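Here are my notes on the model below. Please read them with the structure open.

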Amino acid sequence: MALPVEEWRLCAARRWAALEPALRERLAAAASLHDTLRLGCGLLRPEAEAAALRGLCRRARTGKEPAAARFYREEGNRLFGRRHYGAAVRLYSQAASHEVPGSPEVSLCFANRSAALFHLGHLEVCLEDIARAESHGYPDRLLPKVLLRKAECLLCLGRLQDAANALSAAENKIAVDGIMTSPAHQTLLKKLSQLRIKIRENESCPQPAREACGDTQRKSEIWEENDGISGASSSLSLNFDSERGRHLVAIQDILPGQNLLKEEAFVSVLCPGESHLLQDSSETAWDTRVTNADLYCHRCLRQLLASVPCRGCSYAKYCSQNCADVAWEQYHRTECSLGALLLTLGVFCHVALRTVLLAGFAEVSRLVEWSHNNDKDLHNPEARQKHPSEAPATRTGTRGIPGCNDNGQYQSSYQAVFNLLPHTEKHSPEHKFLCMLSVVAICKQLQEAGLEAAFLNRESPEKWSKPETREKTSGELSAELKVMAEAMLRHVLQLQCNAQAITVMQESGSGDGAVVNKKPVRLATAFFPVLSLLNHSCSPNISLSFNGTAATVRASQPIPSGQEIFHCYGPHRSRMRVAERQQLLSQYFFECRCQACLDELESDVKSVVSVRNSFCCPSCRSSMQVGEDMLCCSNEACAISVSRESLSRRLQDLQQQIKKALELLKDGKADRAIKMLLECQVDAGDFLSPEHLLMGEMEDHLAQVYATLGKWQEAARHLERSIEIVEMHHGPSSVEIGHELFKLAQILFNGFAVSEALSTIQRAEEILSVHCGPQSTQILELQEMKTCLLELPRSILQRT
């Protein structure tokens with residue numbers, strides 16, 4: 001949720017409407033963010049808006065709650081007993097996040113989680129959890145059980161001496177406590193003896209190291225960094241003109257798959273799940289739904305296996321103690337107690353707060369003061385102003401370009417973030433008022449919680465408990481907090497046009513099948529100042545991929561020297577008609593004039609989407625001619641007319657039936673799912689074009705069902721039909737085709753169709769390497785499949 005919750009938006013709207021007309025006009029006409037904040041920072045009334053906001057914050061449960069911990073631990077125990085170990089791990093993690101650090105109760109969570117991790121085969125992480133349980137005061141009477149698990153874990157890892165030490169510790173503990181040796185203990189001792197014999201045999205006859213075929217085929221990516229643009233390739237140049245603003249242009253011919261940009265996010269905030277915001281007080285606070293907050297590290301965005309909870313709140317979880325410590329020092333020390341408020345006010349406000357925390361008060365105040373000294377907007381193309389360092393650029397190609405440092409370099413820095421366009425004059429007055437009230441609310445909360453000193457002096461911890469004495473009326477923001485609020489307001493407004501979604505390919509469905517179906521999911525919102533230099537096109541020439549908080553831009557097609565580098569902001573020509581694209585792009589305050597839009601607007605040629613996602617005549621199945629309310633058959637001999645509304649309603653009903661079929665598959669009723677999907681196909685054939693994307697989706701779903709039944713030939717046949725339709729929409733070298741070929745490769749691999757699998761793997765590798773790079777997860781999985789197939793006996797390969 002980028003913006004605040006709806007109730008707060010309505011509250012701000014009512015406050016705006018109730019303002020004196022003269023004040024409202026002055027706020028609407030404010031020439032700068034400084035003026036907006038000066039006029040409006042006192043409008044958050046304690047007894048009204050602030051009280052309402054506190055009420056909304058009570059719905060977001062972010063504190064430590066022992067009752068919640070007990071609930072999640074008991075739920076985890078229940079699922080562990082049913083051998084749902086993955087789900088149990090997540091529930092034990094939620095329980096740990098609600099317990100007080102260092103308590104015996106949190107040690108129980110770690111110990112229970114270690115048992116589930118052991119059953120899942122995550123032995124190293126299991127050992128880490130055992131160490132956490134021991135360090136958090138695990139009850140003495142239960143230690144033998146954990147130590148035996150530790151010994152067994154070490155045995156599986158081949159660390160015999162460590163295993164023997166752990167086993168000795170368990171035996172000593174049992175002897176001290178006077179506990180009789182159990183049959184399970186005897187079994188473990190026997191297993192230890194057997195493994196020692198096996199290890200000795202392996203040491204005397206070591207197996208030859210197997211070379212991975214995929215390793216030999218991985219090519220290091222050629223990379224020469226630009227000396228003027230941090231993280232960018234030397235094949236790019238930073239240009240600036242009044243029409244396109246700042247933009248990147250190729251200064252040499254670029255090949256598909258070539259790396260153009262590698263950038264770490266200046267700041268990123270994980271997008272929370274809806275379960276953290278309850279709709280009303282009658283709802284249970286203990287939600288077992290899994291969200292991004294449970295699956296990914298809140299700092300580095302790596303996937304979580306056994307999370308390390310924050311010491312102060314139940315919301316933030318990390319992949320390691322190091323990530324937790326770094327986050328605490330950089331920003332979470334301040335954010336921790338504001339969790340409920342930040343969840344209520346939305347991700348954009350959270351990103352704005354974290355941005356100024358990472359930059360530090362000194363840098364923020366320097367740039368805010370510099371902006372005050374300029375009469376015109378920083379980004380007015382006609383006003384070529386000095387850089388914030390007050391020194392002119394010496395680099396000829398970047399002289400006068402906003403965001404460059406005093407050496408003319410454009411770096412991924414706070415200065416570059418500050419210079420991103422906020423479009424202050426284009427946002428509605430009501431929206432600016434909402435954003436202003438929200439950032440003021442954050443600063444007020446910082447002040448009331450005694451966090452102002454920490455907020456302003458991150459680099460000097462000894463000063464945190466000694467805030468300076470200032471003359472101000474009760475509840476009024478200090479001058480320093482007003483500076484930070486102005487910067488935060490700027491960043492919230494910038495995010496509408498400059499927020500970059502960090503996405504991840506996430507498994508859809510249960511994830512326990514032989515064929516893994518993945519789809520892109522929004523994981524976080526971030527500022528990438530260099531990536532923000534790329535202008536939009538509905539037919540881009542690059543692909544964007546993410547690894548944690550790092551973004552990589554690659555050329556998706558040949559880019560000749562002199563051509564601009566274009567990114568797609570969302571509306572793509574293969575997914576939307578030009579009218580839909582133009583409507584969505586209006587939020588970025590520009591009218592798209594890319595070549596794809598011009599071709600559709602200035603010619604009679606219909607878009608790919610219009611032609612292939614069209615209706616056909618229910619009678620003769622000819623294409624239907626587009627009309628406003630009525631659609632007419634293109635076959636003059638037929639000339640049937642059908643209302644657009646009735647066909648749209650029929651399409652919605654069909655989509656509901658498909659959804660029910662997928663629910664049946666999820667419940668293990670594959671035969672009924674197949675029957676329903678086949679019926680949907682017959683129904684769709686009566687009124688949808690054979691090339692309609694939904695026809696391809698149904699083929700894809702049928703392939704998924706047949707794969708769960710192990711009917712690989714039928715699955716491959718349906719997926720090949722899906723691929724034909726996807727290729728018509730997105731093109732033969734698109735990333736969408738790459739993902740579909742990856743699924744087909746899995747099906748052919750499992751179906752033992754060796755030659756077909758090898759050729760599909762090769763094609764999928766070629767496409768995905770261009771879009772995702774040679775080290776992406778899917779490429780590595782394809783190479784593992786290829787290695788397995790090529791190691792089959794020659795006689796089998798010849799037969800297939």
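Which residues does UniProt list for "domain: MYND-type"?

1. The unreviewed UniProt entry gives residues 297-336 for "domain: MYND-type". UniProt positions follow the numbering used here, feature names are shortened, and annotations may be inferred rather than shown by experiment. In the model, the span is 38% helix and 10% strand. Its end C-alpha atoms lie 15 Å apart.

2. Some ground rules. This is a predicted model, in which local features need pLDDT of at least 70 and side-chain atom pairs count only at pLDDT 80 or more, while totals for chains, interfaces and linings use all residues. Residues are numbered from 1 along each chain as its sequence is written, and side-chain values use heavy atoms, with hydrogens and water left out.

3. Confidence. The protein chain has a mean pLDDT (the predictor's confidence in each residue, from 0 to 100) of 84, and 83% of its residues reach 70 or more. Over residues 205-219 the pLDDT is below 50. Beyond near neighbours in sequence, that stretch has 12 contacts (heavy atoms within 4.5 Å) in the model. Residues 458-473 also stay under 50, and the model has 19 contacts for them beyond four places in sequence. Where pLDDT is low, the predicted coordinates should not be read in detail.

4. Overall make-up. The protein chain holds 32 helices and 15 strands. These are DSSP runs numbered from the N terminus: helices are H or I with at least four residues, strands are E with at least two. Of the 800 residues, 50% are buried. Buried means under 20% relative accessible area, exposed over 50%, and partly exposed in between, with a 1.4 Å probe and protein chains only. Among contacts between residues at least 6 apart in sequence, 64% join residues at least 24 apart.

5. Strand 4 (residues 267-270). Val267 and Val269 point one way, Ser268 and Leu270 the other, and all are buried. In a regular strand the side chains alternate between the two faces of the sheet. Strand 4 pairs with strand 8 (residues 518-527) in the antiparallel sense, over 4 bridges. DSSP must find at least two bridges for two strands to pair. Serine 268 stands opposite alanine 526 in strand 8.

6. Helix 16 (residues 347-359). Its 13 residues reach 18 Å from first C-alpha to last, close to the 18 Å expected at 1.5 Å a residue. The expected span is 1.5 Å times one less than the number of residues. Of the 13 residues, 12 are buried, among them Phe348, His350 and Arg354. Glycine 360 follows helix 16 and has a positive phi, near 90°.

7. Two loop residues. Is histidine 572 buried or exposed? Histidine 572 counts as buried because its relative accessibility is 18%. It sits in the loop between strand 12 (566-567) and helix 22 (578-585). Leaving aside neighbours within four places in sequence, histidine 572 is in contact with Cys538, Pro540 and Arg581. Its side chain joins that of serine 574 through a polar contact of 3.0 Å. Such a contact is a pair of N or O atoms within 3.5 Å; within protein, one must be able to donate a hydrogen and the other to accept it, and residues adjacent in sequence count only if both atoms are side-chain atoms. Arginine 58, in the loop between helix 4 (46-57) and helix 5 (66-81), is exposed, with a relative accessible area of 63%.
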